[in-house]
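Hi,

Here is the structure I said I would pass on. Have a look first, and my notes follow below.

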Amino acid sequence: MSSVSIAAFSPASRTQAQDPATSSGGSVLDGVFTSAQATAGEKQFQRNCDSCHSVSEHTGNRFTEKWTGTTLNELFELISNTMPESEPGRLTPEEYASIVAFFLKQTGYPEGQRELPSDVGALTKIRIEPPSK
C-alpha cells in the first residue's frame, strides 16, 4: 500500500472560487441522499474501502472540518479519481455517490427523497455545511 490517502488532500486549505452555481445551489442540509442509497454506500465501503480506511476517518467532525465550505463534487472527484488505491476509478459513478451518501448519513446529515446524483455538474451545486445540531 502506498502512502496516498484521502486524508492527505485538504480542500479546506484551498481558496474557494465564488461560483454562482454553487452559491445559488443547495446544501447537504437539504436531504440530498436516500436511506437506501446510504445503506448501499455502506456495503460498497465495506467491500472496497475498509481494508485500508475506517469509517471514522471520513465522517463526523473529521468530515466537517475537512469538507465544510466545499461542494460534494470535490469529495466525489477525489474518491472516484484516487480510490480504491489499487485500481482508482474502478467503481461506477453511482457506487461512488452511494459511498458519499454513506459518509453524509454517518456524519449526521438528513436523508431526503431523492438519491444523491452521480453527475459532477449537479454535485458542484451542493454545498457542504456543518450539520444542524
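Let's start with a packing question: which helices do the buried residues of H3 pack against? They pack against H4 and H5. The buried set in H3 is Phe 63, Thr 64, Lys 66 and Trp 67. After H3 comes Gly 69, which has a positive phi near 95 degrees. Keep in mind that this is a predicted model.

H5 is worth a look next. It runs over residues 93-107, and its 15 residues reach 21 Å from the first C-alpha to the last, close to the 21 Å expected at 1.5 Å a residue. Its buried residues include Tyr 96, Ile 99, Phe 102, Phe 103 and Thr 107. As for partners, the buried residues of H5 pack against helix H2 (35-48), helix H3 (60-67) and helix H4 (72-82). Just after H5, Gly 108 takes a positive phi of about 105 degrees.

Now the rings. The structure holds five aromatic pairs. In one of them, Phe 63 and Tyr 109 have ring centres 6.1 Å apart and planes at 70 degrees, so the pair is edge-to-face. This pair links distant parts of the chain, with Phe 63 in helix H3 and Tyr 109 in the loop between H5 and helix H6 (120-124), 46 residues apart. Both Phe 63 and Tyr 109 are buried.

Phe 76 and Tyr 96 also form an edge-to-face pair, at 6.4 Å centre to centre and 85 degrees between the planes. Phe 76 lies in helix H4 and Tyr 96 in helix H5, so the pair ties together parts that are 20 residues apart in sequence. Phe 76 counts as buried at 5% relative accessibility, and Tyr 96 is buried too, at 3%. There is also an aromatic cluster made of Phe 45, Phe 102 and Phe 103.

Back in H4, Asn 73 is one to click on. At 14% relative accessibility it counts as buried. Leaving aside residues up to four places away in sequence, Asn 73 touches Val 120, Leu 123 and Thr 124.

Cheers

Note on methods
Residues numbered from 1 in each chain as written. Predicted model: local features only at pLDDT ≥ 70, side-chain atom pairs only at ≥ 80, totals over all residues. Heavy atoms only, no water. Helix = DSSP H or I, 4+ residues; strand = E, 2+ residues; numbered from the N terminus. Expected span 1.5 Å × (residues − 1). Buried < 20%, exposed > 50% of the residue type's maximum accessible area, 1.4 Å probe, protein only. Contact = heavy atoms within 4.5 Å. Phe/Tyr/Trp six-rings, centres within 6.5 Å; stacked < 30°, edge-to-face > 60°.
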